Amino acid sequence: MLIAVVQFRPRRGARNANLDKLAALTRQALEAGAKLVVLPEMAATGYRFPNPEVVRPMSEMPRGPTARVFAPMAKEFGAWIVTGYVEDNEGKLYNAAMVINPEGKLEANYRKRLLYIDDHTWANPGDLPYPVFDTPWGKTTVGICMDINDPRFLTHVRKTRPDMLCFPTNWIDEESDIYRYWAQQLRGWNGVMVAADRWGDEDGVFFSGRSGVLANWKPLVEAPAEGDGIFLADVPAKAPKAAAPAAAAAPGGDQ
């Protein structure tokens, strides 16, 4: 079954225009047969903001403008969509990710727990459990960027042993091998990592690009460091677990 990552450089502050472009890329992936599409962290807003009041106009509830764009597509194509966005929950802002299931419903909402320097200027630390949900590829979870440096998240992955990790990110380019770094952080886990990154720069801070789908830490597909696009990988579905056999009736018991 095909999985897609969307790599995208948003225009900071232009949520609606960015959503239009992201919707076109997502539809392209779905029309190509993708049954899971993962988009970057804060995909439609840009990333670096000086204070909460600047980002607040682009914030939304989980069933807000972003969901209204992607939920109908998820239902139309019977696919999963995971995307980062800015969540407003009773005035508190979070760097969040929503999971939309093939029925077009909100399967899960997750808030980034370990904040990066640029998150601290406006976001609250996440306070929701790490989501775990079933997909055709098995048990699936979500982490956002800096979470991969959080001992709480690493413990979650090692304890729950998910088959797949959806990973929206805005990974800062530090001229290092990001795949190797992620593998080191998650050593001992060998599932499928679906990493959607942005590219380009904001205020002179550059992002890595190189979105990809990795299985056992080998890239099935790898995006370049620059450029918008969709990148597809074929990842076999997991066979459904067989139901436990019914217990046989004891001899002489009721039939």
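1. Start with Thr83. Thr83 is buried, with a relative accessible area of 1%. The cut-off for buried is under 20%, so Thr83 counts as buried by that rule. Please keep in mind that this is a predicted model.

2. Where does Thr83 sit? Its place is in strand S3, residues 80-89. What does Thr83 touch? Leaving out residues up to four places away in sequence, Thr83 touches Leu39, Pro40, Ala43, Thr66, Phe70, Ala96, Ala97 and Met98. Strand S3 as a whole is mostly covered: eight of its 10 residues are buried.

3. Now place S3 in its sheet. Six strands form an open sheet in the order S5-S4-S3-S2-S1-S14, and the pairing is mixed. The edge strands are S5 (106-111) and S14, and each of them pairs on one side only. On average, neighbouring strands of this sheet are turned by 30 degrees against each other, direction ignored.

4. Look at the two partners of S3 in turn. S2 and S3 pair in the parallel sense over three bridges. Here Leu36 stands opposite Trp80 in S3. On the S4 side, nine bridges join S3 to strand S4 (residues 92-100), and these two run antiparallel. The bridge partner of Ile81 in S4 is Ile100.

5. Two residues lie between the strands. Glu90, in the turn, has a positive phi of about 55 degrees.

6. Move along to S1. Strand S1 (residues 2-7) and strand S2 (residues 34-38) pair in the parallel sense over four bridges. The bridge partner of Leu2 in S2 is Ala34.

7. Strand S9 (residues 192-197) and strand S12 (residues 212-215) pair in the antiparallel sense over four bridges. In S12, Leu214 is the bridge partner of Met193. S12 and S13 also pair in the antiparallel sense over four bridges. There, Leu214 stands opposite Pro219 in S13.

8. S12 and S13 make a hairpin with two residues between the strands. Asn216 takes a positive phi near 55 degrees in this hairpin.

9. Check the cysteines. How many disulfides does the structure hold? The structure holds zero disulfides. A disulfide is a covalent bond between the sulfur atoms of two cysteines. The sulfur of Cys145 is 15 Å from the closest cysteine sulfur, in Cys166, which is too far for a bond. The cut-off is within 2.5 Å. Are these residues buried or exposed? Cys145 counts as buried at 7% relative accessibility. Cys166 is buried too, with a relative accessible area of 1%.

10. Compare Ala239, in the segment after strand S14 (229-234). Ala239 is exposed, with a relative accessible area of 67%. Ala239 and Pro136 are 103 residues apart in sequence, and their C-alpha atoms are 8.1 Å apart in space.

11. Finish with the whole protein. The protein has six helices and 14 strands. Of its 255 residues, 54% are buried. Among contacts with a separation of 6 or more, residues 24 or more positions apart account for 67%.

12. What about overall size? With 255 residues, a compact globule would have a radius of gyration near 18 Å; the protein has 19 Å, which agrees. Along its principal axes, the C-alpha trace spans about 80 × 40 × 35 Å. The protein exposes about 11500 Å², and carbon and sulfur atoms supply 53% of that area.

Note on methods: Residues numbered from 1 in each chain as written. Predicted model: local features only at pLDDT ≥ 70, side-chain atom pairs only at ≥ 80, totals over all residues. Heavy atoms only, no water. Pairing = 2+ DSSP bridges. Buried < 20%, exposed > 50% of the residue type's maximum accessible area, 1.4 Å probe, protein only. Contact = heavy atoms within 4.5 Å. Rg over C-alpha atoms; globule rule 2.2 N^0.38 Å. Areas by Shrake-Rupley, 256 points an atom, 1.4 Å probe, with all protein chains shown as cover. Axes fitted to C-alpha atoms, helices over the stretch in contact; angles between N-to-C directions.
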